[in-house]
Structure formats: C-alpha cells, structure tokens
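Here's a quick briefing to read alongside the model. Take a look at the fold first, then go through the points below.

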Amino acid sequence: MRFPIVPTVVVAAAIATMIALGVWQLGRMNEKEALIARYETALGNSADVDWPSPGEYEASLFRHTTVECSDVRAIDSVAGRSRSNAPGWAHIARCANEGERAVDIAIGWSREPQPPSWDGGVVGGLIAPQGDTVKLVADEGQGGLEPLARPDPANLPNNHLAYAGQWFFFALTALVIYVLALRARLRKQG
C-alpha cells in the first residue's frame, strides 16, 4: 500500500493556509473594532480640523470641519436617508475648495432625485468616508434641502468574524474531503 505523500503535503499546506487566513481575519476584526472606537471618540471632539489631504483621510474621519465651496461643478443625487431616517435622495455637490482640489459635500436630503439649485458657500459638517476618499456631510441642509442622517461609525462594516468562520469552514471541508478520498483510495488498494 502506497500512502500519497505529495497530495497529503499539498492538502496540508492548503489547510494550514486557510487556518492562517482565518486567524488573520480574527486579528482584523479586533483592529476594526479599535478603529470604530477611535471614530466614535472623534465624534465627541468639537474642535474643527482642516480639510484633509489624501494621506490624512483616515485620521480626519468623523471630525468636524468647515469648507468653502466657491464653485459648484456638479450636483449628483444618490440614495440616502434624512436625519429622521426617511429614505430618499442625498444630494452631493462637487465643489472647488478655494480654487484647489475638488471637495464632495453632501448638502442635504429630499424625496425627489432632482438636484437643487445651490450656488455654494461656507459649509460645516462631518468628514465621512466615501469609497477611497472622503466627503463632507453638511450639518444643515443647503439649498432648501433637509439635513442628511449624521455619519455614524457604528454603520461601518465589521464582517471579519464571518470571513474567519468561512476560512475555518473551508479548512474543515478540505480536510473531510481529503480524508474521504484517502479512505476510498486505501480501500481500493487494499
């Protein structure tokens, strides 16, 4: 009877990799919980910060700032919620920030998707995540709009426990399948 050494080593390496990925996801879960706690602390800090440069986004999230929109380049409408949690449309203005780079400002909420007429101005609000960048969520609705729901760090996804569970399940599945295949092979040989 020949024991399949190479397939056993390959499967063992795959299982070890899956377990390592599960452990890594558990570590990421703890990091994400700490990050969310830091953001919740930032919400309580009333001191304004400057509008962040690209390398400063993470340190500025959920902090209050004030920017001037001197040139409204466009206003987009996306699904959003009002401060009273009603579904509708969030209107996001792409603005020139004092003639430098573009700044996205979530200026308010409405039931209709048509963007409002808004010429810009000084807007205060919270810096919130927006994909790989950030946006300002205005404290008060601009251009006749109602205020949007305040950004909340608790809404950030922390699904690393589920990912860890998947990796551990994959490892267990690979082990069970390999044991069943090995038993079948050994029966055939014996």
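**The fold at a glance**

Starting at the N terminus, the elements of the protein come in the order α-α-β-β-β-β-β-α. That makes three helices and five strands. Keep in mind that this is a predicted model. The radius of gyration is 25 Å, well over the 16 Å that the globule rule gives for 190 residues, so the protein is more spread out than a compact globule.

**Overall dimensions and packing**

- Taken along the principal axes, the C-alpha atoms fill a box of roughly 85 × 35 × 30 Å.
- Of the 190 residues in the protein, 35% are buried.
- Take the contacts between residues at least 6 apart in sequence: 61% of them join residues at least 24 apart.

**The α1–α3 pair**

- Two packed helices are described by the angle between their axes and the distance between the axes.
- For helix α1 (residues 5–43) and helix α3 (residues 160–189), the axes come within 7 Å and cross at roughly 165 degrees.
- An angle over 145 degrees counts as roughly antiparallel, and α1 and α3 are therefore roughly antiparallel to each other.
- As for handedness, α1 and α3 make a left-handed crossing.
- Sorted by class, the contact of α1 with α3 has 19 nonpolar, four polar and two charged residues.

**Q25, on helix α1**

- Q25 sits in helix α1.
- Is Q25 buried or exposed? Its relative accessibility is 8%, so Q25 counts as buried.
- Setting aside neighbours within four places in sequence, Q25 is in contact with H160, Y163, A164 and W167.

**I127, on strand β4**

- Look for I127 in strand β4 (residues 121–130).
- I127 has a relative accessible area of 0%, so it is buried.
- Which residues does I127 touch, not counting those up to four places away in sequence? The list is V49, W51, P52, S60, L61, F62, R63, T65, V134, K135 and L136.

**P52, in the α1–α2 loop**

- P52 belongs to the loop between α1 and α2.
- With 0% relative accessibility, P52 counts as buried.
- Leaving out neighbours within four places in sequence, P52 is in contact with Y57, S60, R101, I127 and V134.
- How far apart in space are P52 and I5, C-alpha to C-alpha? The distance is 56 Å, although P52 and I5 are 47 residues apart in sequence.

- S46 has a relative accessibility of 67%, so it counts as exposed, whereas P52 is buried.
- From S46 to R63 is 17 residues in sequence and 7.8 Å in space, C-alpha to C-alpha.

How values were computed:
Residues are numbered from 1 along each chain as its sequence is written. This is a predicted model: local features need pLDDT of at least 70, side-chain atom pairs count only at pLDDT 80 or more; totals for chains, interfaces and linings use all residues. Side-chain values use heavy atoms; hydrogens and water are left out. Axes are lines fitted to C-alpha atoms, for helices over the stretch in contact, and angles run from 0 to 180 degrees between N-to-C directions. Helices (H or I, at least four residues) and strands (E, at least two) are DSSP runs, numbered from the N terminus. Angles under 35 degrees count as roughly parallel, over 145 as roughly antiparallel, 65 to 115 as roughly perpendicular and the rest as oblique. A crossing is left-handed if the near helix is turned anticlockwise from the far one by less than a right angle, and right-handed if clockwise. Ala, Val, Leu, Ile, Met, Phe, Trp, Tyr, Cys and Pro count as nonpolar, Asp, Glu, Lys and Arg as charged, and the others, Gly among them, as polar. Buried means under 20% relative accessible area, exposed over 50%, partly exposed in between (1.4 Å probe, protein chains only). The radius of gyration is taken over C-alpha atoms; the globule rule is 2.2 Å times the number of residues to the power 0.38. Contact means heavy atoms within 4.5 Å.
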